[in-house]
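Trainee: I would like to go through this model with you, one residue at a time. Shall we start?

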Amino acid sequence: MTTTMQPPPIQAELSTGRRWTVLAVCCLSMFLVGLDTTIVNVGLPEIGRALGVGTRSLEWTVDAYTVVLAGLLITSGAMADRFGRRRVFQAGLAVFGAASLACALAPSVGVLVAARAAQGVGASMLGPVALAIVVNAMPDPKERARAIGVWASVFGLSMAVGPVAGGALLAGLDWRALFWINAPVVVAALVLTAVFVPESRAARARRLDLPGQALLTVVIALTVGVLIEGPHIGWTSPPALAAYAAAVLAAAAFAAVESRRREPLMDLALYRHPAFSGAVLGAVAVFVALNVTLLLTTLYLQDGRGWTPLAAGLATLPMAAGATVCAPWSGRLVGRTGPRRPLVLAGAFMAAGGLCLVGLDQETGVPLMLTAYALIGIGFGFANAPLTNTAVSGLPPARAGVAGAITSTARQFGSAIGIAVAGGLVAGTDPAGLARASRPGWLLVAACGLLLVLVAQAGRRQDAA
C-alpha cells in the first residue's frame with residue numbers, strides 16, 4: 001500500500017461481478033487478519049493453564065503477532081508493488097496458513113510465540129496488498145470509495161467479533177482450535193485468488209528500504225518488549241534502562257536514515273501536516289483502547305469471576321454489535337459532513353465506556369459491564385473511517401497510499417501497546433485483585449477517547465485557519 005491510489009492502466013477493465021468478487025476475496029483475507037488479532041485473547045487463560053505459563057508469556061503470544069505485523073506492513077506493500085500484488089498476496093496466505101498450523105501444534109509457549117511471529121509475517125503481506133488489489137480492480141472513483149468502505153468495515157468487524165468466535169470455539173474444543181480454524185479459510189482464499197484475482201503491479205515500484213525496515217522493527221520491538229518485561233525485571237533495573245536507551249537510539253537512527261533516503265520506508269515529511277499527525281496518534285489511541293478492553297475483560301471475567309470462555313466471549317457481543325452498526329454509519333457521515341463529527345462521537349462514546357468501569361470490583365453488575373462494552377464498541381465503530389479520511393485528505397494522491405500504510409502500522413502498534421500495558425497492570429495479581437488492578441486500564445480507555453475528541457477539535461481549528 002505504498003503507491004498511488006489511482007490504479008495504473010495495465011489491464012482490461014474487469015466486469016462488475018468480477019470486481020466485486022475480487023473485493024470479496026480480499027475482504028475474506030482481511031477478516032482473517034483482523035480476527036487473528038483478537039480471537040486469541042479469549043483463549044489466553046486456557047493457553048496459560050495448558051502450557052503452564054503466566055501473564056507475561058501470554059502477552060507475547062499476542063504481541064509477537066502484532067509487533068511483526070506492524071513492523072513489516074509498509075515493506076510488504078512495496079514488495080507487492082514491485083513483484084506483483086497477487087503473487088505476494090498468495091505468498092502471504094501460504095505463510096499465514098503454515099504458521100497457523102504451527103501454532104495449533106505448538107508443544108511449548110516458546111514455539112507458540114515463534115509461530116505467532118511467523119503469522120505476523122504472513123499477515124503483513126495480506127492487509128496492504130489486499131487494499132492495493134481492490135484499488136487496482138475498481139477504476140471508477142465512486143465504486144472504489146464504496147469498496148474501500150466495505151473493506152474497512154470488514155476489518156473493524158473482524159476485530160470486534162474475534163472474542164465471540166474464540167469463545168464459541170473453546171466451548172466445545174481446546175485452545176488449539178483457535179488456530180486450526182484458519183486452515184480451511186486460507187485454502188479457500190488461495191483457490192479463489194488463483195481463479196478470480198488478476199495480477200497487477202505499480203506503474204513505478206518504490207525501492208525497498210531495508211535499513212529503515214530493520215530500524216523500525218527494532219524500535220517497535222524494544223518499545224513493546226520493555227512494557228511487557230518491565231514489571232518483571234523492574235522499571236529502573238539496568239536491563240530496562242539499557243532497553244530505553246536502545247529504543248531512543250534506534251528511533252534517532254531511523255529518523256536520520258529516513259530523512260536522507262530518496263524513497264524512505266516512512267515519509268517523515270507527512271508528519272508536518274497536523275491533520276495527518278493527529279490521525280496517526282488517533283489510530284494508536286483507538287487500538288490501545290480496544291486491546292486494553294479485550295485483555296482486561298478476558299482476564300477479569302475468566303480468572304476473576306470464573307466465567308467460561310464462551311460466556312466471556314458472549315459478554316463482548318455488545319461491543320461487536322456497536323462496531324458493526326456504527327462503522328458503515330460513520331463512513332456515510334464522513335461522506336456527508338466530513339470526519340470531525342464521527343470522530344467526536346467516537347471519542348465521546350469510548351470515553352464514556354471507559355469511565356463506566358473505573359470503579360470495577362468483584363460485584364460489578366453485568367448490565368453495567370455490557371453497557372460499557374457497547375459504548376466502547378460504538379466508539380470503535382465510529383473511529384476508523386474518519387481517521388483514515390483525515391490521514392489522506394489534503395495530501396497529493398501519490399502520497400495517499402503511503403499515508404494509509406503508516407496509519408495501518410499505527411493501528412497495529414497501538415494493539416501491541418494496549419496488550420503490553422494491560423498485561424503489565426495485572427501481572428502477578430491474584431484473581432481476587434484483578435478488578436482493582438485493572439482500574440487504571442479503564443482510565444486509559446477513557447483518556448484515549450478524550451484524545452480522539454482533541455484530535456477532532458484540532459482538525460476543526462486547522463480547517464478554520
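Trainee: Which side chain makes a polar contact of 3.1 Å with the side chain of Thr66?

Mentor: This is a predicted model, where local features need pLDDT of at least 70, side-chain atom pairs count only at pLDDT 80 or more, and totals for chains, interfaces and linings use all residues. Residues are numbered from 1 along each chain as its sequence is written, and side-chain values use heavy atoms, with hydrogens and water left out. A polar contact is a pair of N or O atoms within 3.5 Å; within protein, one must be able to donate a hydrogen and the other to accept it, and residues adjacent in sequence count only if both atoms are side-chain atoms. At 3.1 Å, the partner of Thr66 is Asp63.

Trainee: Is Thr66 buried or exposed?

Mentor: Thr66 is found in helix α3 (residues 55-83); helices (H or I, at least four residues) are DSSP runs, numbered from the N terminus. Buried means under 20% relative accessible area, exposed over 50%, partly exposed in between (1.4 Å probe, protein chains only). Thr66 has 1% relative accessibility, so Thr66 is buried.

Trainee: Which residues does Thr66 touch, not counting residues up to four places away in sequence?

Mentor: Contact means heavy atoms within 4.5 Å. By that rule, Thr66 touches Thr37, Gln412, Ser415 and Ala416.

Trainee: What does Val224 touch, not counting residues up to four places away in sequence?

Mentor: Val224 is among the core residues that touch the most other members. Its contacts are Asp63, Val67, Phe413, Ala416, Ile417 and Ala420.

Trainee: Which backbone oxygen lies 2.8 Å from a polar atom of the Asn291 side chain?

Mentor: Asn291 sits in helix α12. Asn291 is buried, at a relative accessible area of 0%. Leaving aside neighbours within four places in sequence, Asn291 is in contact with Ser415, Gly418 and Ile419. The backbone oxygen at 2.8 Å is that of Phe287.

Trainee: What covers the buried residues of α4?

Mentor: Helix α4 (residues 85-105) has 21 residues. Its buried residues are Arg85, Val88, Phe89, Gly92, Leu93, Phe96, Gly97, Ala99, Ser100, Cys103 and Ala104. Their cover includes α1, α3, α5 (109-124), α6 (127-137), α8 (177-180) and α9 (182-196).

Trainee: Which residues are in contact with Ser100, leaving aside its neighbours within four places in sequence?

Mentor: Ser100 is in helix α4 and is buried, with a relative accessible area of 1%. Ser100 and Gln119 are 19 residues apart in sequence and 6.6 Å apart in space, C-alpha to C-alpha. The contacts of Ser100 are Gln119, Phe179 and Asn182.

Trainee: How many disulfides does the structure hold?

Mentor: A disulfide is a pair of cysteine sulfur atoms within 2.5 Å. Cys26 is buried at 0% relative accessibility. Its sulfur is 7.2 Å from the closest cysteine sulfur, in Cys27, so the two are too far for a bond. The number of disulfides is zero.

Trainee: How far apart in space are Gly34 and Pro318, C-alpha to C-alpha?

Mentor: Gly34 is found in helix α1 (residues 16-38) and is buried, with a relative accessible area of 0%. Not counting residues up to four places away in sequence, Gly34 touches Phe155, Ser158 and Met159. Pro318 is 284 residues from Gly34 in sequence, and their separation in space is 18 Å.

Key:
Helix = DSSP H or I, 4+ residues; strand = E, 2+ residues; numbered from the N terminus. Core = buried A, V, L, I, M, F, W, Y, C linked by side-chain atoms within 4.5 Å. Expected span 1.5 Å × (residues − 1).
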